[in-house]
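These are notes for a colleague who is about to look through the model. The points below can be read beside the sequence and the coordinates.

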Amino acid sequence: MFKLEILQRIVGSGVVAVIRAATPDQAGRMADACIQGGIEALEITFTVPGAAAAIAELVKRYPQGKIAIGAGTVLDTETARTAILAGAQFIVSPASDTETGCLCRRYQIPYLPGAGTPGEVIKALEDGADIVKVFPGELLGPAFVKAIHGPLPQAPLMPTGGVTVENAESWIKAGCVALGAGGNLTKGGLSGDYDSITKIARQLIEKIKEARRG
């Protein structure tokens, strides 16, 4: 899948499902439930034991062009390279790293680093961010996005942390291009309730559609 196609998957459905799990199998089940709910972009974090293997399995399971499988909590170039070799189609980091941004540009992999201040947003853009992750979203809130877009209207922003069905519309109307949904989306999977993940995924996507229509 080309870089532009991957970004379209992220922005198109409007949700990146952030998968944190105790095992690769649990991560896979969470991912399946998200996809059944209509989500087209998945971030397997490197806090998952055997994250690279989980990414490789999902890439094998889902044909290229339909689902974008990415890697999250990528702190350095070594981890980024491992993820890319496993098949990761985009890289997400809690903060921007110049060398990781360079690696992603070299291989034409979308880079989504985190930022929590105007200076960090600018650095992320300079490091080649395709989308800047607003992090931690639960502390910053939609007002941060509006404030950033005053001096930096060109910044494509995506919050991660604290994103819920209830506040999804507020984030989109504030100007976000997509939402990173983690624990509030996938928590049911920790107890084996994968149906709840599919249900919430559908609700999130519908809320985003409503906000965009509005």
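1. Contact here means heavy atoms within 4.5 Å. The model is a predicted one. With that cut-off, Val11, Gly12 and Ser13 of helix H1 meet Ile205, Ile208 and Arg212 of helix H10. By class, this contact of H1 with H10 has three nonpolar, two polar and one charged residues.

2. Two packed helices are described by the angle between their axes and the distance between the axes. For H1 (residues 3–13) and H10 (residues 194–213), the angle is about 85° and the axes lie 9 Å apart. Angles of 65 to 115 degrees count as roughly perpendicular, so H1 is roughly perpendicular to H10.

3. How many of the five residues of strand E2 are buried? Five of the five are, so E2 (residues 41–45) is largely enclosed by the rest of the structure. Both faces are covered: Leu42 and Ile44 are buried on one side, and Ala41, Glu43 and Thr45 on the other.

4. Strand E2 has a parallel partner in strand E1 (residues 15–19), with four bridges between them. In this pairing, alanine 17 stands opposite leucine 42.

5. Alanine 41 stands opposite alanine 68 of E3. From E2 the chain crosses to E3 through helix H3 (residues 51–61), and this β-α-β crossover is right-handed.

6. Glutamate 43 deserves a separate look. It is found in E2 and has a relative accessible area of 2%; buried means under 20%, so glutamate 43 is buried. Leaving out residues up to four places away in sequence, glutamate 43 touches Val16, Ala17, Val18, Ile19, Gly70, Ala71, Gly72, Thr73, Phe90 and Val92. Between glutamate 43 and threonine 117 there are 23 Å from C-alpha to C-alpha, and the two are 74 residues apart in sequence.

7. Valine 59 lies in helix H3. Beyond residues up to four places away in sequence, valine 59 touches Ile69, Ala86 and Gly87. Its C-alpha atom is separated by 9.0 Å from that of glutamine 89, which is 30 residues apart from it along the chain.

8. Is aspartate 127 buried or exposed? At 6% relative accessibility, aspartate 127 counts as buried, although it is found in a loop, between helix H6 (118–126) and strand E6 (132–134). Apart from residues up to four places away in sequence, aspartate 127 touches Ser96, Asp97, Thr98, Gly101, Cys102, Arg105 and Tyr111.

9. Most residues other than glycine have a negative phi, and most peptide bonds are trans. Threonine 73, however, has a positive phi, near 55°, and lies in the loop between E3 and helix H4 (77–86). Glutamine 108 likewise has a positive phi, near 55°; this residue is found in the loop between helix H5 (98–106) and strand E5 (111–115). With a relative accessible area of 45%, glutamine 108 is partly exposed.

10. The peptide bond that joins phenylalanine 135 and proline 136 is cis, with omega about 0°. Proline 136 is found in the loop between E6 and helix H7 (137–148).

Note on methods
Residues are numbered from 1 along each chain as its sequence is written. This is a predicted model: local features need pLDDT of at least 70, side-chain atom pairs count only at pLDDT 80 or more; totals for chains, interfaces and linings use all residues. Side-chain values use heavy atoms; hydrogens and water are left out. Buried means under 20% relative accessible area, exposed over 50%, partly exposed in between (1.4 Å probe, protein chains only). Two strands pair if DSSP finds at least two bridges between them. A crossover is right-handed if, with the strands pointing away from the viewer, the path from the first strand over the helix to the second runs clockwise. Axes are lines fitted to C-alpha atoms, for helices over the stretch in contact, and angles run from 0 to 180 degrees between N-to-C directions. Angles under 35 degrees count as roughly parallel, over 145 as roughly antiparallel, 65 to 115 as roughly perpendicular and the rest as oblique. Ala, Val, Leu, Ile, Met, Phe, Trp, Tyr, Cys and Pro count as nonpolar, Asp, Glu, Lys and Arg as charged, and the others, Gly among them, as polar.
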